[in-house]
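Welcome! Keep the sequence and the 3D view at hand as you read.

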Amino acid sequence: MSSPVSVNRATAGVLFGVVSSVAFGAGGPFGKALIAAGFSPLQAVWMRLIGTVVVLVALCLALRRPGQLATMARNKWPIVIYGLVAVAACQVLYFVAASRLPVGIAILLEFTGPVLVVGWEKLVRHTHVARESAIGVGVAMLGLAIVVQIWSGVHLDAVGLAAGLGAGAGNATYFLVIDRLSGTVDPLTLTTGGMSVGMVALTPLAAPWSAPWHILGRSVPMGSHHLPGWTLAALIVLISTVLSYLTGAAAVQRLSATVAAGLAYVEPASATVVAWITLGERLSATQIAGGVIVLAGAYLAQRGIGRTTGAEGDSTRSILGTTVTTEALIP
């Protein structure tokens, strides 16, 4: 029988993991509502990043961790790549996809990231890829074909499809960069640095000085509901970004990498449910079945990667938007 302490710790880890995934999944519908109200996808992402940077810098100052700037300087190029590709490009492309496709499909396309990681490891790095991962790739591709209903000539928006797959590439980059930095850069430092890089890079492209900031003071429709614009912005920053990163790190600290990674697959389901409740978006039964197959394939690919790295003593995980090192932000 497990001791009460271990049970409580495991239960807390599961709760943190579920909260992290649900929080991430809710970001798409909130962002889509702001984009429909007048923000461009670039402006919506910039607003998300600037708000997140402010909160994370405040956390850094409050925690007073020594050596954070020195750590960033030593690992500046991986952090720059992380900020440009895994943060800025990934989020922009996801918001573009979510603005042109049902949120559930957009996030499924982004979840091709683990599949792309398998291809990178096999074709570029020429490393051994577990058979389970290879099978997962095939299963995920089959599910993706069903989601987009390729037999009907792909009636979904072509730009949205391309953006969703691009977000998947950003997701894959997220894993690959953090895999390299595992054990050398803590989650708070990496997230703060990456978000700052992404914000700076997007500033001239997003042109925030011309954004319709007045929308934040108005009521914004979300399907049959209405919420103040500033409330949606606060939810994206505090819930879908800051909270999700912190609870994701706490989940990894309390659970094994395999268990914590499995919890991340709550995200697509939660995004679809939130989009259904708030935006009235519904997927067909065929698309839902394809989505289940995509997630099953991605999960198999993830498990294969986890077993390969686990054999080498690496304690990383490759899940969308969740910190992958075991160094915790939450005690």
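A residue is called buried under 20% relative accessible area, exposed over 50%, and partly exposed in between. By that scale Leu 227, at 29% relative accessibility, counts as partly exposed. Please keep in mind that this is a predicted model. The chain holds 13 helices and two strands, and buried residues make up 53% of its 331 residues.

**The chain as a whole**

- Among the contacts with a separation of 6 or more, 87% are between residues 24 or more positions apart.

**Leu 227 and strand E2**

- You will find Leu 227 in strand E2, which covers residues 225-228.
- Once neighbours within four places in sequence are set aside, Leu 227 is in contact with Arg 218, Ser 219, Val 220, Met 222 and Leu 232.
- Leu 227 and Ala 33 are separated by 194 residues in sequence, yet their C-alpha atoms are 9.6 Å apart in space.

- Val 14, Val 18 and Val 22 together make a nonpolar surface patch of about 170 Å².
- An α-helix has 3.6 residues a turn, so residues three or four places apart point the same way.
- Val 22 belongs to helix H1, residues 4-37.
- Its relative accessible area of 34% makes Val 22 partly exposed, because that value falls between the limits of 20% and 50%.

**The nonpolar cores**

- Which residues touch the most other members of the largest nonpolar core? They are Leu 49, Tyr 82, Tyr 94, Leu 190 and Leu 202, out of 41 residues in that core.
- Two or more residues of this core come from each of these elements: helix H2 (41-63), helix H4 (76-100), helix H5 (103-110), helix H8 (158-181), helix H9 (187-206) and helix H13 (285-311).
- H4 gives the largest share of this core, with 12 residues.
- Another core, of 15 residues, lies apart from the largest one, and its members include Phe 30, Met 47, Ala 211 and Leu 216.

**Helices to look at up close**

- In H2, 23 residues reach 33 Å from the first C-alpha to the last, close to the 33 Å expected at 1.5 Å a residue.
- The buried residues of H2 include Trp 46, Met 47, Arg 48 and Leu 49, as well as Thr 52 and Cys 60.
- Just after H2 comes Arg 64, with a positive phi of about 50 degrees.
- Is H5 enclosed by the rest of the structure, or open? It is largely enclosed, because eight of its eight residues are buried.
- The buried residues of H5 run from Val 103 through Gly 104, Ile 105, Ala 106, Ile 107, Leu 108 and Leu 109 to Glu 110.
- Helix H8 contains Asn 171, which is buried, with a relative accessible area of 4%.
- Asn 171 and Val 87 are 84 residues apart in sequence, while 8.7 Å separates them in space, C-alpha to C-alpha.

**H9 and the residue that follows**

- H9 has 20 residues and spans 26 Å from its first C-alpha to its last, close to the 28 Å expected at 1.5 Å a residue.
- Although Ala 207 is not a glycine, it has a positive phi of about 45 degrees.
- Is Ala 207 buried or exposed? Ala 207 counts as buried, because its relative accessibility of 15% is under the 20% limit.

**One salt bridge**

- How many salt bridges does a search of the whole structure find? The search finds one.
- The side chains of Asp 157 and Arg 100 meet in a salt bridge, at 2.7 Å from N to O.
- Asp 157 sits in the loop between helix H7 (131-147) and H8, and Arg 100 in helix H4, so the pair ties together parts that are 57 residues apart in sequence.
- Asp 157 is partly exposed at 26% relative accessibility, and Arg 100 is partly exposed too, with a relative accessible area of 43%.
- Side chains of opposite charge can pair when their charged atoms come close.

Note on methods:
Residues are numbered from 1 along each chain as its sequence is written. This is a predicted model: local features need pLDDT of at least 70, side-chain atom pairs count only at pLDDT 80 or more; totals for chains, interfaces and linings use all residues. Side-chain values use heavy atoms; hydrogens and water are left out. Patches are made of residues with over 30% relative accessible area and no salt bridge: like charges are joined within 9 Å, nonpolar side chains (Val, Leu, Ile, Met, Phe, Trp, Tyr) within 5 Å. Accessible areas come from the Shrake-Rupley method with a 1.4 Å probe; for residues, only the protein chains shown count as cover. A salt bridge is a side-chain nitrogen of Lys or Arg within 4 Å of a carboxyl oxygen of Asp or Glu. Helices (H or I, at least four residues) and strands (E, at least two) are DSSP runs, numbered from the N terminus. Buried means under 20% relative accessible area, exposed over 50%, partly exposed in between (1.4 Å probe, protein chains only). Contact means heavy atoms within 4.5 Å. A nonpolar core is a set of buried Ala, Val, Leu, Ile, Met, Phe, Trp, Tyr and Cys residues joined through side-chain atoms within 4.5 Å. The expected span of a helix is 1.5 Å times one less than its number of residues.
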